[in-house]
Amino acid sequence: MNDCRNISVSADGGGPGISRKALWVVRELGLPAIVKACVTCRSTRHHPTGKFRVNANGKLLDVWMLICCELCGRTSKIPVHERISVQELDSERLLMFQDNDPVVVRELAMDAALAGKAGYQLDWSGTWELETGTPSCEPGREDPAPLKVIIRFELPAPIRVEKLLRIGFGLSRSAVKGMVSSGRIRLPMAIDAKAREDFTLFVVTTPPPSRDAAADQEACP
Ligand SMILES: [Zn+2]
């Protein structure tokens, strides 16, 4: 008899057989460094100063985010908007730039699209830590109940899925890869992919292919 058959469905629709849930949170520790050459020193790491510069020239607007070099403190500017018409920018948004709104500073400091457009990289090292809460999600343990793990990102740091699994389960790289390839851990993306937003994974107790799983697959087109 397979114990998994008797596991009740969780109240919020976690799917059949999933009775245990865990929440992992990628906690924000800081903003990524802005990586571009400093014209004064050899450093390449910059941080936002927390200020914007807004220039109005007739009906045209320029908005820059000010950053400073980690080593020498030299301030430089990143173009956020260049010569756009006043009408193009929402007045509330303009006010946020003028007020140096910290929410907008955070948003733009993490904006990969802006980094690509302005020609710099983001260094996310040291910007996050994984909080796994209860230690009951150890998948190596023989446990009759399958586990659903929800991974929530507080910041869009790109993190290799394999690294999250290693930290989250406290397992070696080879153990994690083995569990994924055997179907014990089920992922919505490749193990080598980088995740940067919320996803859910499952740890199942009976790795396929089993006779039941094969029968299920045949039944579902
Ligand atoms: Zn410098």
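This is a predicted model: local features need pLDDT of at least 70, side-chain atom pairs count only at pLDDT 80 or more; totals for chains, interfaces and linings use all residues.
Residue numbers start from 1 along each chain as its sequence is written.

Secondary structure follows DSSP runs, numbered from the N terminus: helices are H or I runs of at least four residues, and strands are E runs of at least two. Two strands count as paired if DSSP finds at least two bridges between them.

Five strands form an open sheet with mixed pairing, in the order β7-β1-β8-β12-β10. Strands β7 (128-131) and β10 (185-186) stand at the edges. Each has a single partner strand, so one side of each lacks a neighbour in the sheet. Within this sheet, β8 (residues 147-153) runs antiparallel to β12 (residues 199-203), joined by five bridges. L147 has V203 of β12 as its bridge partner.

Helix α4 (residues 161-169) lies across β1 (20-28), β7, β8 and β10. Its angle to β7 is about 50°. Contact here requires C-beta atoms, placed from the backbone, within 7 Å. Axes are lines fitted to C-alpha atoms, for helices over the stretch in contact, and angles run from 0 to 180 degrees between N-to-C directions.

Further antiparallel pairing involves β3 (residues 45-57). Strand β2 (residues 33-35) pairs with β3 over two bridges. V54 stands opposite V63 of β4. The β3 and β4 hairpin has two residues between its strands. In this hairpin, G58 adopts a positive phi near 65°.

Definitions and conventions:
Two residues are in contact if their C-beta atoms, placed from the backbone, lie within 7 Å.
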